[in-house]
Amino acid sequence: MEEQGRNKIKTLRFSISVDEKLQKVALKSGLTKLDFFIAMVDYFFKSKKDPRDLNDEVLKKEINKKTDNIIGFIKTQEEELLRPMKKDGERMIAAQGKIINFFNENIIKHNDEQKAASKIQSSNIGKIAEYLQKLDTSQYDKKALKAKFSDLLEYYIKSREQISGFSKQAEKDELASHVRQQVKNL
């Protein structure tokens with residue numbers, strides 16, 4: 001093959017079967033045989049791969065080495081981070097369960113007791129208010145009764161003074177009977 005330009009031209013000889021293979025792969029790549037050959041040399045030069053290693057054993061070893069490193073890293077992370085986080089999570093869940101149980105056993109029970117006590121207090125306050133209202137009514141009734149009794153007493157005194165010593169006993173009895181009836185009506 002010949003290379004044009006500033007570099008010196010070299011020739012390379014190979015069999016017709018190799019030439020046919022070169023032609024096929026060059027056409028698949030859309031290159032001329034010379035451009036494909038140049039690209040092939042650049043590829044092996046840059047990648048430092050051995051063109052005789054058809055199964056890419058070096059590449060497989062390198063990939064396995066990297067895979068082992070990644071697996072080792074993941075295992076380390078699992079040991080150092082994931083398992084402790086899982087244990088901490090389990091402890092937190094257990095602690096929250098205890099808090100919920102305590103709350104259910106004590107706080108809710110206490111709240112129920114407070115509701116019952118509040119209900120009793122409310123009932124008692126209602127009874128006290130009712131009693132105070134009755135007491136107030138009784139005070140009013142007592143004042144009214146005193147006023148009526150005072151009026152009745154004044155009527156009796158006035159009427160008795162009007163009856164003279166010479167009055168009949170029947171009039172005196174009638175006045176006493178009338179006053180007694182009025183006191184009963186109070």
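Helices (H or I, at least four residues) and strands (E, at least two) are taken as DSSP runs and numbered from the N terminus. The structure is a predicted model, in which local features need pLDDT of at least 70 and side-chain atom pairs count only at pLDDT 80 or more, whereas totals for chains, interfaces and linings use all residues. Residues are numbered from 1 along each chain as its sequence is written, and side-chain values use heavy atoms, with hydrogens and water left out.

The C-alpha trace of the chain spans about 180 × 40 × 30 Å along its principal axes. The radius of gyration, taken over C-alpha atoms, is 61 Å, while a compact globule of 186 residues would have a value near 16 Å by the rule of 2.2 Å times the number of residues to the power 0.38. Of the 186 residues, 5% count as buried, where buried means under 20% relative accessible area, exposed over 50%, and partly exposed in between (1.4 Å probe, protein chains only).

Side chains of opposite charge can pair when their charged atoms come close. With a salt bridge defined as a side-chain nitrogen of Lys or Arg within 4 Å of a carboxyl oxygen of Asp or Glu, the count comes to 6 salt bridges. In one of these, K33 pairs with D19, the closest N and O atoms being 2.8 Å apart; this pair links distant parts of the chain, K33 lying in helix α2 (residues 33-47) and D19 in helix α1 (residues 16-29), 14 residues apart. K33 is partly exposed, with a relative accessible area of 26%, and D19 is also partly exposed, at 25%.

Within helix α3, D88 forms a salt bridge with R91, with the closest N and O atoms 3.1 Å apart, and the two residues are separated by 3 residues, about one turn of the helix. D88 counts as partly exposed at 37% relative accessibility, whereas R91 counts as exposed at 55%.

Y43 is partly exposed, with a relative accessible area of 43%, as is F44, at 26%.
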